[in-house]
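Please look through the structure shown here with an eye to its charged pairs, its surface patches and its overall build. The paragraphs that follow take these topics in turn.

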Amino acid sequence: MPKLWQMDDYDECLESPGPGEPPGVYCGLSVVLKPNNRSELWKLIEEFSSDYKRHYNHQVLKWGVCIKRCQKAIEKLSPAERNALTVEPFPIDVRYKLDDGILEDISTYREAYQDVLEICVNKKLNDTYGLVAYTEILSCDKSTDEVVIDALDMSFLIVLCALVCFVTLSSWYDSSINYKRTSDHYRHPLDSKRKMVCVSFSIQRNWYRLTSRSKDELNQKLRFFHAFRFLTIVLVIFGHTSLLLVVTPTTDLEKHERMMHSVGSMILTNGGQITQTFLGMSGVLLAVKFCSFSEKRKGKVSFLYVPFAILYRYVRLTPVYAFVILLHATWLLKLQTGPLWRWGAETEQTFCRRNWWTNLLYINNYVHADEPCVQQAWYLGAEFQIFIIALIVLVTIVKIPRAKVLILGLVLLAGYVIPAVFIYYQKLEGTYFVTLEAQRYLLWYDKYYLHAYIPTHINFGNYIQGVLTGLVYNELQKRSINLAQSKVFSIVWHLTIVIVPLSWLPSYMFYVNDFPTPSVWMAAYFIMSKNLYGIGIGIVILGCIYGVNGVVKRMLNYPFFEPLGRLTYGAFLVHPFVMRFMFASVRTPVHYSDLLTLSLVFGATVMSYLMALVLCLLIELPTSALQNHLFGCFEDQKSNRVDRESGTNGTNQTLIIPGLAGKQS
């Protein structure tokens, strides 16, 4: 069969032309083979591609073509030969390109070069395979293209310069009032609120905030969460690496198809479940901190607490998030070139300029989800929405303690029933499909991704199960029950670590069979298999809190993980930025081995955390310090000096604000 990727030399094509020569033009094409039932090769392509769950659609090819080479290849063809290689329109019922209007100037390039490229491509296809195809230009680069800087680009530079100035001045001021010239000066609050505001951007002080260890008993019990955050984001990066290996040109795409025929591959294919770890941790932390706060208030928690907690969390999450969105909307496209770069970067720029508001309102997992800005941020939208619901539920059970079991039971039941109903009526199957063909378009148009992966109602159950885990822990503490002394729980804990990944293997049956939809049993299977992971996370977290396996707990509590855990939110936001440079800037198809894949994961992780460190010291920690003063939390922080890290969500963001909530109540 024709190769899915064929690419001319990009840099050679765009070399500066000589005097009087036309500029070099390089175009990315989508080539759709025309059905030909007289061709045995076409019958093979059609039959092989019909297994859409495990194979690429080999009717759709991606080519990178140099216009000069094409013009030279067809210059000796007669008009009759050219006409023979021109394909009349035919029905195309498969996805073969991005939606129109995303990339600029495409209509101009299509008008100028469409006929030349179609004849050129068909000449090669006909000579080699006896087939012809419809060709459409997806993007073009010209050697005379210049970087254009607009007002939005300048606004990013202004914001960046302002942040650097704030950090420089704040660090200088903090150093100038360090009269004893000791490092302890940066570890402790100053004697006035005005001074604390002035040193909010101090890089020395924020460095100690990043690397400090809390002495609080609850924080020490939950310290392993930092390791969980770090290990989870590494697995997320690994999953996104696998996705980009499918998207970008490789010399051995058949390797992906062979892998999809293995039952063991379901562990990797279902790796998207790993994001449920963040949701489970978030639910646990919310419940634990809320119970602690409620006990201090003796159960007197007003519903007025909810909007203030939401506002606090919004202010904590959004500044660094908005900065990353602005970066994607401005300078990302200008930082690199390549045959795939416009496809990988200009799409992001267009989506962020169009849909930034959906991100900042945290509704991006529902509104314009097929044109995502900062695509991984679907998780932030889903979690923010569930956080609001869970917070209202917790306040309700405190206000109506007698109905606690009933309320929690109904909420948990809703977490199972509502997504099952959606799976049934949307005629989806019993697992979240990750097909190779959907990945070629980064899942933007995939119904399984849009309806069975990113919606809040699909992810609600595991967050609520995390909340229940936190409530169970609180009850165990009240009754002085130590799970580490239970042999039964120890066995369950160790078995859970093995059973949860193995529970993904039965999903293979949905890849090899076409069960009729809608189906009650598949809807039930989908929800049970998804929420089984949340149950497993709850058991693992309880076991780690109580130290069921001492060796594992000591490893997870190693000091190395604490700063890495605090940097996880930044790494989560920027790792696709890093990975675009690693994958979307390639010039030719690359042969990826398993060892190279691991090295790419390692490189992406290191670079993501380095960028996260910069964002943390430049934006995240300074704005959180200002936020504490803005919300009147400084006195509370000064009096107890407890790090707020324990009240953080799966990506290291504060959930509960006792100081504020106490004042408002």
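Arg-342 and Glu-346 are both buried, and in this predicted model they form a salt bridge whose closest N and O atoms are 2.6 Å apart. Both residues belong to helix α15, which covers residues 341–360, and the four residues that separate them correspond to about one turn of that helix. Elsewhere, salt bridges that share partners join Lys-97, Asp-100, Arg-110 and Glu-136 into one network.

Arg-110 sits in helix α5 (residues 106–129), while Asp-100 is in the loop between α4 (79–84) and α5, so that the pair, ten residues apart, links distant parts of the chain. Asp-100 has a relative accessibility of 52% and therefore counts as exposed, since the cut-off for that class is over 50%.

A further salt bridge joins Glu-562 to Arg-213, with the closest N and O atoms 2.4 Å apart. This pair also links distant parts of the chain, for Glu-562 lies in helix α25 (residues 561–566) and Arg-213 lies in the loop between α8 (203–211) and α9 (217–221), 349 residues apart. Glu-562 is buried because its relative accessible area is 1%, which is under the 20% limit, whereas Arg-213, with a relative accessible area of 33%, is partly exposed. In general, side chains of opposite charge can pair when their charged atoms come close, and a search of the whole structure finds 32 salt bridges.

The surface also carries charge in another arrangement, a negative patch formed by Glu-104, Asp-105, Asp-145 and Glu-146. Of these residues, Asp-145 is found in the loop between β4 (133–142) and α6 (151–176), and its relative accessible area of 44% makes it partly exposed. Asp-105, another member of the patch, has its C-alpha atom 37 Å from that of Gln-426, a residue 321 positions away in sequence. Gln-426 itself is in the loop between α17 and α18 (436–439) and is partly exposed, with a relative accessible area of 28%.

Helix α17, which covers residues 404–425, holds Leu-406, and this leucine is one of the residues that make a nonpolar surface patch of about 620 Å², together with Leu-410, Leu-413, Val-417, Val-421 and Tyr-425. Leu-406 is exposed, as its relative accessible area of 54% shows. The C-alpha atom of Met-555 is separated by 13 Å from that of Lys-221, although the two residues are 334 residues apart along the chain.

Seen as a whole, the secondary structure of the protein comes to 29 helices and four strands. The radius of gyration is 28 Å, close to the 26 Å that the globule rule gives for 665 residues, so the protein is as compact as a globular protein of that length. Along the principal axes, its C-alpha trace spans about 90 × 65 × 40 Å, and 55% of the 665 residues count as buried.

Definitions and conventions: Residues numbered from 1 in each chain as written. Predicted model: local features only at pLDDT ≥ 70, side-chain atom pairs only at ≥ 80, totals over all residues. Heavy atoms only, no water. Patch = residues over 30% accessible without salt bridge, like charges linked within 9 Å, V, L, I, M, F, W, Y side chains within 5 Å. Areas by Shrake-Rupley, 256 points an atom, 1.4 Å probe, with all protein chains shown as cover. Salt bridge = Lys/Arg side-chain N within 4 Å of Asp/Glu carboxyl O. Lys, Arg positive; Asp, Glu negative; His and termini not counted. Charge placed at Lys NZ, Arg CZ, Asp CG, Glu CD. Helix = DSSP H or I, 4+ residues; strand = E, 2+ residues; numbered from the N terminus. Buried < 20%, exposed > 50% of the residue type's maximum accessible area, 1.4 Å probe, protein only. Rg over C-alpha atoms; globule rule 2.2 N^0.38 Å.
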